[in-house]
Amino acid sequence: DGYSKIYAVMVNLAALFYLLLGLLFLNAWMRIYEIGEWQRAITLIAITFGTNLFYYTVVEPGMSHIYSFALIAAFAYFAKRFFMEGKTAQMLILGALLGWIIITRPVNGLVIFALPFIAGSWQNFQAGLKQVFGNSLRLLGAFLLAFSFITIQLAIYKISTGDWMVYAYGNEGFNFLEPHIFDILFSYKKGLFLYTPMYLLSLFGLYFLWKKSRFSFFSVSLFLILVIYVLSSWWQWYYGGSFSSRVFVEYLPFFALLFAFSIQYLQ
């Protein structure tokens, strides 16, 4: 009936499954950057047991964050492969993943702004855009796959309430003129860097990224700044009952990659 013990057990198993799935895609993504095996192992262990990723897998598996983590890790991996190879199958997978990411947690559609960083250079990004918009049939297929996932939620709303769209947050929303950037990062009230310093430690990777690729440095920095700005603009920037700042769990693949760069070059 949705409330029996087996239901709760399956939710816990689902969270463990998506944790492992996310780690597999994250490992594959780091391998493309030629991160060494032991550096990848240290990174995966560190983010699993040294961040709030563990908490949202084990303690609150019913929330969306662990699932979003896996989907964004998969999106980053397939996007990187697409910019390298430009295959139709990869583009269609990206369309499906983007729809899946949005239906899981709409604000995570922000991940599309990570595409310049994932591309690796301005030339690669331009070439990727030409691949996307140069074939209208392929673009339509990716769009339809994305929309098909989003339609699932819209259909459930329609069946349940008679309306295609339901905004469940009432009067709650974003206030982009009053972001709480310092608070969401450093406040004793759930500050990300204060309660989960692994996120802060990973930012040392920006130094090594600066030395390797200025384009990658600026593109990932701007992406993370955008994410922080948007998430800190929610009216309740500490997000209620939260272990550290829970809304950053899904963006851990990017922090993990920066952390991996740090230990790769510090050796």
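Which residues lie nearest the centre of the largest pocket?

**View 1. Lining of the largest pocket.** Arg-105, Pro-106, Val-107, Tyr-167 and Tyr-169 lie nearest the centre, among 24 lining residues. A pocket is an open set of points on a 1 Å grid over the protein atoms alone where a 1.4 Å probe fits, with protein on both sides within 12 Å along at least five of seven lines; lining residues have an atom within 4 Å of a point. Helix H8 (136-161) gives the largest share, four residues. Helices are DSSP runs (H or I, at least four residues), numbered from the N terminus. The model is predicted: local features need pLDDT of at least 70, side-chain atom pairs count only at pLDDT 80 or more, and totals for chains, interfaces and linings use all residues. Residues are numbered from 1 along each chain as its sequence is written, and side-chain values use heavy atoms, leaving out hydrogens and water.

**View 2. Lining of the second largest pocket.** Leu-98, Ile-112, Leu-115, Val-132 and Leu-139 are the closest to the centre, out of 22 lining residues. The largest share, six residues, again comes from H8. H4, H5 and helix H7 (122-133) each supply at least two.

**View 3. Asn-108, in the loop between helix H5 (88-104) and helix H6 (115-119).** Asn-108 has 1% relative accessibility and therefore counts as buried (under 20% relative accessible area, 1.4 Å probe, protein chains only). Beyond four places in sequence, Asn-108 touches Ser-68, Ile-72, Ile-101, Glu-250 and Tyr-251 (heavy atoms within 4.5 Å).

**View 4. Surroundings of Phe-248.** Apart from neighbours within four places in sequence, Phe-248 contacts Ile-184, Leu-192, Tyr-199, Val-227, Ile-228, Leu-231 and Phe-255.

How values were computed. Buried means under 20% relative accessible area, exposed over 50%, partly exposed in between (1.4 Å probe, protein chains only).
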